Amino acid sequence: MQVDLRILRYDPERDAKPHWEAYTVEARPIERVLDLLHKVKYEQDGTLTFRRSCAHGVCGSDAMLINGRNRLACRIRVDQLGRGRITVAPLPGLPVVKDLVVDMDGFFDKYKSVMPYLVADSTPPPERERRQSPEDRARYDDTTKCILCAACTSSCPSFWAQPSYVGPAAIVNAHRFIFDSRDEAAEERLEILADKDGVWRCRTIFNCTDACPRGIKITQAILEVSSAIVERHA
């Protein structure tokens, strides 16, 4: 079958602003959008620029705006998008470097700001692992699934309106350690997220949950963090 593929292109060295370019691509229904982008780059226009790595929905590199929704190009098949036109654009709300590549530095700065690592300094490290009960592990299991693709943060109207908002992805990764029974820095993270650009900017719109390719209950995680902040000050 032939697919009408429209890609939002932008080369800062040549273009004053982004513009749409059209490509006709032969594709099978089971092929993924990433396959179509490869065909364009390899067979029609080698200047097309996009990120991808594992191509199996694990690394999060190829998150894009596909038919108006943030998705991973390596997971969305042609048959899931109907028989009409397929549009591909860079993630919204982030600076475009070139074509489908966005600048992720600010995103990762926010991620690093919430201390996304285990803090357990009061006792010497054990000879093997820091053990934990299955029940304690289950408490934060959902938020361990984040692959830092930025699909959630770049789908968030609160982030579009206020780019200083730490964003859903950072809060999810803070949640993962705040509720880890082995961690000792929950108070510090809650203090960080109690800031005006922390959890209180969330408007519970659920765009983030809808965009997440891993099915994380992001809005629920944000509400659990905000509840922990309230309890801390009660």
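A cavity is a set of points, on a 1 Å grid over the protein atoms alone, where a 1.4 Å probe fits but cannot get out. In this predicted model, a search of the whole structure finds 3 cavities of 30 Å³ or more. Here a volume is the space filled by probe spheres set on the points, and grid points are joined across faces, edges and corners. Residues are numbered from 1 along each chain as its sequence is written. Local features need pLDDT of at least 70, side-chain atom pairs count only at pLDDT 80 or more, totals for chains, interfaces and linings use all residues, and side-chain values use heavy atoms, with hydrogens and water left out.

## The largest cavity

The largest cavity holds about 100 Å³ of space. It is lined by 16 residues, where lining means having an atom within 4 Å of a point. Closest to its centre are Cys146, Ile147, Cys149, Cys152 and Cys212.

What classes make up the lining of the largest cavity? It has 14 nonpolar residues, no polar ones and 2 charged ones. Nonpolar covers Ala, Val, Leu, Ile, Met, Phe, Trp, Tyr, Cys and Pro; charged covers Asp, Glu, Lys and Arg; the others, Gly among them, are polar.

## The second largest cavity

About 80 Å³ of space lies in the second largest cavity. Of its 14 lining residues, Cys156, Cys202, Ile205, Phe206 and Cys208 are the closest to its centre. Helix H4 (157–161), helix H7 (207–211) and H8 each give two or more residues to this lining. Helices are DSSP runs of H or I with at least four residues, strands are runs of E with at least two, and both are numbered from the N terminus. By class, the lining has 9 nonpolar, 4 polar and 1 charged residues.

## The largest pocket

A pocket is an open set of points with protein on both sides within 12 Å along at least five of seven lines. The largest pocket has about 170 Å³ of space. Among its 16 lining residues, Arg51, Gly60, Ser61, Met104 and Cys149 lie closest to the centre. Strand S3 (63–66) and strand S7 (101–102) each supply two or more lining residues. The lining divides into 12 nonpolar, 2 polar and 2 charged residues.

## Helix H5 and its partners

Now for the helices. Helix H5 (residues 168–178) packs against helix H8 (residues 218–233) at an angle of about 60°, with axes 9 Å apart. Axes are lines fitted to C-alpha atoms, for helices over the stretch in contact, and angles run from 0 to 180 degrees between N-to-C directions. H5 and H8 are therefore oblique to each other. Angles under 35 degrees count as roughly parallel, over 145 as roughly antiparallel, 65 to 115 as roughly perpendicular and the rest as oblique. On the H5 side, Pro168, Ile171, Val172, His175 and Ile178 make the contact (heavy atoms within 4.5 Å). They meet Ile218, Ala221, Ile222, Glu224 and Val225 in H8. This contact has 8 nonpolar, 1 polar and 1 charged residues.

H5 also meets helix H6 (residues 186–193). Their axes come within 9 Å and cross at roughly 155°. H5 and H6 are therefore roughly antiparallel. Ile171, Ala174, Phe177 and Ile178 of H5 touch Ala186, Arg189, Leu190 and Leu193 of H6.

## Helix H6 with H8

H6 and H8 pack at about 105°, their axes 10 Å apart. That makes H6 roughly perpendicular to H8. Glu187, Leu190, Glu191 and Leu193 of H6 contact Val225, Ala228, Ile229 and Arg232 of H8.
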